[in-house]
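Open the model in your viewer and show it as a cartoon.

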Amino acid sequence: MLYRDRNGNEIRGNDAQDKLLEKIYKTLPGRLLLKPFTNPAVSKLAGKLLDTRLSARAIVPFVEKHQIHMSDYKGNCFRSYNDFFCREIAPGKRPIAKGGNILISPCDAKLSCYPITMEGRVKIKHTAYTLEGLLRNQALAKRFIGGQLLVFRLAVDDYHHFCYIDEGRKTRNIRIPGVLHTVNPAAGDVVPIYKENAREYSLLNSKHFGTVLMMEVGALFVGKIVNLHEAAVVWRGQEKGHFEFGGSTVILCLQKGKACLDEDILKNSAENIETIVRMGERIGEQIIPSGY
């Protein structure tokens, strides 16, 4: 799998893992073998095992394999693998881009953006979705027709905390139960993962970008989405929550005419290439209505 960083450099992902997942999801025996593992109960059990002290033995090999710079994070002594996985970033390592009119990334991720059609449809990679199916709410889906859907896909080695992209008033969290497929694009070509996976969403009535829908999607062995707030007044860059072990996804829905994404992100997405972004960095800016 190919990614690009913000300087345009191409980076090759874990091809062996991608090929294995593709083989599993694109063959009937593979899908039958995988099915029990997509049950949320299995992810819950895995989470309990990763909370044990014994699981801490897996930390050093994981850090070495993925070349994680631990100097970017607080502390170096973790009681369990999940304690390590939920590690906090060190001060200054994820600065928030200055300027309230600047749209920032809510997390470390591989980003793709997709237009939402006037029929409320969106095509993510090779899989077609309806916004109504994603949200299970027809009236809410209509509010984002003609806008943009941003998919921030987190890999296991990414920082798994996420923040608010603007100041404003947040609504309560709505949870949609579901199964837990991997969010690797190899699965997305076969299974409508963002329609089937367990997920939570809320709305941010923001100062600069209108109403923004914020959604967190669980994934294989990531049944636990931790949102820190229910309805509340929040600020830009404030921590919103975190995931526990595994890969997972943050989705933003932007209303029509509220924000313009940076050119490199639009170009990469048009070529089906994800852009590597970091929490707090610029990914676009507010569209100022004419006459202001």
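Select strand S19, residues 282-286, together with S3. Three bridges join these antiparallel strands. Strands here are DSSP runs of E with at least two residues, helices are runs of H or I with at least four, and both are numbered from the N terminus. Two strands pair if DSSP finds at least two bridges between them. Now zoom in on Leu 103: opposite this residue, in S19, stands Gly 284.

This is a predicted model, in which local features need pLDDT of at least 70, side-chain atom pairs count only at pLDDT 80 or more, and totals for chains, interfaces and linings use all residues. Residues are numbered from 1 along each chain as its sequence is written, and side-chain values use heavy atoms, without hydrogens and water.

The order S3-S19-S17 makes an open sheet of three strands with antiparallel pairing. S3 (102-104) and S17 (259-261) are the edge strands, each pairing on one side only.

Next, select helix H10, residues 263-270. Which of its residues are buried (under 20% relative accessible area, 1.4 Å probe, protein chains only)? They are Ile 265, Asn 268 and Ser 269. Look down the axis of H10: the buried residues fall within an arc of 100°, taken from the directions from the helix axis to the C-beta atoms, so they line one face. Turn to the other side for Glu 263 and Ala 270, which are exposed (over 50%).

Show what covers the buried residues of H10: S1 (2-4), S4 (109-115), S17, S18 (274-277) and S19 are among the elements there.

Methods
Contact = heavy atoms within 4.5 Å.
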